[in-house]
Amino acid sequence: MLPDPDITEMNCDDIIDNDPQGCIKGSRSAATEKWNWEQLRNINYMLENSVQCTDEAVRERWNAVAYFFRAYFYFTKVRTYGDVPWYDQVIGSGDEALLQKERDDRAYVMYKVMEDFDRAAESLPSAKSVSTVNRWTALAMKSRAALYEGSFRKYHGIPDVEVEGKTIGADFFLEEAAKAAKAVIDGGQYKLATGATIYRDMFVAEDADPDEYILARVYGDILGNDIRHDLANSRAGFTRRFMNHYLLKNGKSISSVSGYETMSFAQETKDRDPRLAQTVQCADSKIKGSAIPYLKGVTGYQPVKYESVTAKNSSGKGTLDLPVIRYPEVLLTYAEARAELGTLTQKDIDITVSAIRARVSMPALVMETANANPDKLLASYYPHADKNDANFGVILEIRRERTVELVMEGHRQWDMMRWKEGSLMVNHDNPYYGAYIAGEGVIDFDGDGKDDFEIYSSTASSSLSAKFRLGSDISLSEGTAGYIVAYKDVDYTWDEKRDYLWPIPAAQRVLNHHLKQNPEWADGLDF
């Protein structure tokens, strides 16, 4: 099975819905946490027994696939739990020593992950395919895993360790990320799709573009997806914090406009990066008969990414392919890894961030200018970024680009975790604000000359079907005006010592007393 893009996990600081996930409402628990290792056993069983295949070429290829999935399996486990026991063999019911194994240091496990991705890349075919893993898939996923571990270690201050005679730390993984990403770039197999509305078109296409999609979840009439159905039913909506990441068409920050804080939706969506209107429902990006009423969502900023024709928007009827890895992610991984290492050049920016911006006719990023004048608004969004770093301004711009380009593709929560910005995912420190509403009454939200909804405090006066009562249907930050407030009753305080990892399931610790619990997580066990 292909890795799950996890794009319906929308609860972070960029897009939220009506059901907050555990890490932002504080409901994670060692008592309910589960981890599944069955897939690993299947992979190791295949690797141990593939020798029975007498066709060496076939055996090597499928061994490579197994190495890819073992690497991916362990990457996701480390990302979630930190240290985990490394197993590269099948465990029998009588293997007491292995069954009672301690957790291995995450550096060791991720070093092994790098080895497995390399083994996969060496033996997998180079021919492109959006539906099966190949050499480029392995290198792209390696770059993702290495960037995560390298930046996590850097921003969380994890010291270097010795692994098999090598010093392994943040720089080691960042270098591996840059190397793997550059190998994909230099391979010349992929390119950015182009066109005036390419960002919108790409995510409603029935078939993933093989030039830009490195790996996709492929769907059809027999096996459909629920993406649009889930987005509508969960009332998904972008946050104002996310919206403020989009640049103006002239390349300046939205904060350069006087009064940007209280702009109406129609004002703030005008003359912005074209990807905004191709991601967020605006007056000119509605699909006739399919567009969701603006305030059905929790913030007023409705997603149109993945919104296809009406017939494809119901449960199980979505047939468009969903992204697992796209080429822009690889470009941004290369730029970020080089920036964090202090080796980034303008040429690197030109072939990555600026290339992505160019395809939507946005101005190029100039390193010298960005570093000399870091965006103060972005700096406030990422307080743990190192202001003394020579590449501080550029690092902020790369984060802007990841946020905008890769939204709704399963990255944001993990980006915030590795950058040590977890506290800004919770309502206590960063209220989930949506669009600004100037006051009660009938409102032409998108500025198209047609009334969209009415907001009232006591009695509605219009015949509009979309009417929202203050205090029950909708809450505004200043009472009868202000930002739409989501999750107003969720007030979780982020624990910096605990919340960047999930708890080890208590049930597993009962079975294996050598599994130590992650810091600050209580599970009622005294060992």
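## Aromatic pairs

The count of aromatic pairs comes to 31, where rings of Phe, Tyr and Trp (its six-membered ring) pair if their centres lie within 6.5 Å, and planes under 30 degrees apart count as stacked, over 60 as edge-to-face and the rest as tilted. Select Phe242 and Tyr246 to begin: this aromatic pair is edge-to-face, with 5.3 Å centre to centre and 80 degrees between the planes. Both Phe242 and Tyr246 are buried; buried means under 20% relative accessible area, exposed over 50%, and partly exposed in between (1.4 Å probe, protein chains only).

Next, select Phe265 and Phe445. Their rings form a stacked pair, 4.4 Å centre to centre and with 15 degrees between the planes. Because Phe265 lies in helix H11 (residues 265-268) and Phe445 in the loop between strand S8 (441-443) and strand S9 (453-456), the pair ties together parts that are 180 residues apart in sequence. Helices (H or I, at least four residues) and strands (E, at least two) are DSSP runs, numbered from the N terminus. Phe265 is buried, with a relative accessible area of 1%, and Phe445 is buried at 3% relative accessibility.

The model is predicted: local features need pLDDT of at least 70, side-chain atom pairs count only at pLDDT 80 or more, and totals for chains, interfaces and linings use all residues. Residues are numbered from 1 along each chain as its sequence is written, and side-chain values use heavy atoms, with hydrogens and water left out.

Now display the neighbouring strands; two strands pair if DSSP finds at least two bridges between them. S8 and S9 pair in the antiparallel sense over three bridges, and Ile443 stands opposite Phe453 in S9. S9 and strand S10 (residues 467-469) run parallel and are joined by three bridges. Here Tyr456 stands opposite Arg469 in S10.

## An aromatic cluster and a pocket

Select Trp35, Trp37, Phe73, Tyr74, Tyr81, Trp86 and Tyr87, which form one aromatic cluster. Trp37 and Tyr87 lead on to the second largest pocket: together with Ile91, Leu99 and Gln508, they lie nearest its centre among the 18 lining residues. The second largest pocket has a volume of about 460 Å³.

On a 1 Å grid over the protein atoms alone, a cavity is a set of points where a 1.4 Å probe fits but cannot get out, and a pocket is an open set with protein on both sides within 12 Å along at least five of seven lines; lining residues have an atom within 4 Å of a point. Grid points are joined across faces, edges and corners, and a volume is the space filled by probe spheres set on the points.

Colour helix H2 (38-49), helix H4 (96-99) and helix H19 (506-511), each of which supplies at least two residues of the lining of the second largest pocket. H2 gives the most, with four residues. By class, this lining has 11 nonpolar, four polar and three charged residues; Ala, Val, Leu, Ile, Met, Phe, Trp, Tyr, Cys and Pro count as nonpolar, Asp, Glu, Lys and Arg as charged, and the others, Gly among them, as polar.

## The enclosed cavity

Return to Tyr246, one of the residues that line the largest cavity. There is one cavity of 30 Å³ or more, and about 40 Å³ of space lies in the largest cavity. The lining of the largest cavity has four nonpolar, one polar and five charged residues.

## Last stops

Select Arg106 and Phe152: Arg106 lies over the face of Phe152, at 4.3 Å from the ring centre. A charge sits over a ring if NZ of Lys or CZ of Arg is within 6 Å of the ring centre and within 35 degrees of the ring normal.

Finally, select Tyr306, in the loop between H11 and strand S6 (322-326). Tyr306 has a positive phi of about 75 degrees although it is not a glycine, and it is buried at 1% relative accessibility.
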